[in-house]
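Hi everyone, thanks for making time this morning. Let me put the structure up, and then I'll walk you through it.

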Amino acid sequence: MSEFQRLHVGPRLSELSVHNGVVYLAGQVPDDVTEDIKGQTRQVLGMIDRLLAEVDSDKSRLLMVQIFLHDIQDIGAMNEVWDAWIGEVPGHAPPRATVESRLANAQYRIEIVATAAQK
Amino acid sequence: MSEFQRLHVGPRLSELSVHNGVVYLAGQVPDDVTEDIKGQTRQVLGMIDRLLAEVDSDKSRLLMVQIFLHDIQDIGAMNEVWDAWIGEVPGHAPPRATVESRLANAQYRIEIVATAAQK
Amino acid sequence: MSEFQRLHVGPRLSELSVHNGVVYLAGQVPDDVTEDIKGQTRQVLGMIDRLLAEVDSDKSRLLMVQIFLHDIQDIGAMNEVWDAWIGEVPGHAPPRATVESRLANAQYRIEIVATAAQK
């Protein structure tokens, strides 16, 4: 049986799984939905930082990132926050795709699905 | 050349590929589109069960699941069926993301993309 | 540390990452947005061909493909171009999922996210 791990496991979903050195994160959404797109993006990127840190990975090891925006018009403001965040690890910006979708809570402006490698 | 396998291969797509112990399923959609969201969800989860069983995996080994709903308002009803299904393997709920998208057939209420580990 | 590579790395994103024999491509979008869905699909599939060739992979090694269409009604015309492209490697059509989403540029008709195995 190959290496397999889950963290923050609930009855419906877990926040991440790890298999053979690859980390699969659940779609991360903001806790405080009263914030605007920039604030919500900061929250979600912070969650990704914290989850990756728990499994010996970090944002310099992202393999692919899918970003779902409630309104694609938010992409500019989201990118400002993203650029600052990923700019902290120069040369490590990951492949990315950004599309528009309604999300589970109408107040969510953003949801991010990330896959990363362990160190 | 690393281990590589496809199953149910057609001219346009195959239902799954396997590479180095990871199973990638095509987006699964319902056969009977006259059913409501609960029925369609049951159909799709059954398809996932059957496909994973063909390649020495099962729902306790899911790495990540992306759920696309025709109408995000269906999430509650979908979750009822999901919770019963994943509750059969306690402690193994996978990371998940659920967003709204129109699907290939206007009568599809749900499409699920799943990635899993072999045993 | 496992094998890790990125190509076409910018300050915001890179076009691909490679880890343990798996290639993750960024969402590919057309350069010439004046073309119709068929032309845009051809452009995007050509980009995928060129990127995979840079990392010792090709379209016969696709593990999973997610297609986002600006308008799901374009699926028939997109499939004509897809079928011709993937038909060049008979027996190697990958798992696929196609959904509708607004994309980063209102003139993009299609964005494709692909994962592939190296040879």
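Let's begin with strand E3 of chain A, residues 22-25, which is covered on both faces. Val22(A) and Tyr24(A) on one side, and Val23(A) and Leu25(A) on the other, are all buried; buried here stands for 20 or more other C-beta atoms within 10 Å of a residue's own, exposed for 12 or fewer, and partly exposed for anything in between, with C-beta atoms placed from the backbone. As for strands and helices, they are DSSP runs numbered from the N terminus, at least two residues of E for a strand and at least four of H or I for a helix.

A word on the source: this is a predicted model, where local features need pLDDT of at least 70 and side-chain atom pairs count only at pLDDT 80 or more, while totals for chains, interfaces and linings use all residues. Residues are numbered from 1 along each chain as its sequence is written, and chains are lettered from A and ligands numbered from 1 in the order in which they are written.

Now, which strands does E3(A) pair with? On one hand there is strand E2 of chain A, residues 14-19, antiparallel over 4 bridges; pairing requires at least two DSSP bridges between two strands. His19(A) has Val22(A) as its bridge partner. These two strands make a hairpin with 2 residues between them, and Asn20(A) in the turn has a positive phi of about 50°. On the other hand, E3(A) pairs with strand E6 of chain A, residues 110-117, antiparallel over 3 bridges, and there Tyr24(A) is bridged to Thr115(A).

Let me move to chain C for the whole sheet. Its 6 strands form an open, mixed sheet in the order E1-E2-E3-E6-E4-E5. Strand E1 (4-9) and E5 of chain C are at the edges with a single partner strand each, so one side of each has no neighbour in the sheet. On average, neighbouring strands are turned by 10° against each other, direction ignored. Across E1, E2, E3 and E6 of chain C lies helix H1, residues 37-54, running at about 25° to E6(C); axes are lines fitted to C-alpha atoms, for helices over the stretch in contact, and angles run from 0 to 180 degrees between N-to-C directions.

What about the core? The largest nonpolar core has 105 residues, and Leu25(A), Leu25(B) and Leu25(C) touch the most other members. By nonpolar core I mean buried Ala, Val, Leu, Ile, Met, Phe, Trp, Tyr and Cys residues joined through C-beta atoms within 7 Å. Beyond four places in sequence, the contacts of Leu25(C) include Pro95(A), Ile48(C) and Val113(C); contact is C-beta atoms, placed from the backbone, within 7 Å.

Finally, how do the copies relate?

At the interface, 22 residues of chain C are in contact with 25 of chain B. Only 5% of the interface residues of chain C are also interface residues in chain B, so the copies meet through different surfaces.

Note on methods: Two residues are in contact if their C-beta atoms, placed from the backbone, lie within 7 Å.
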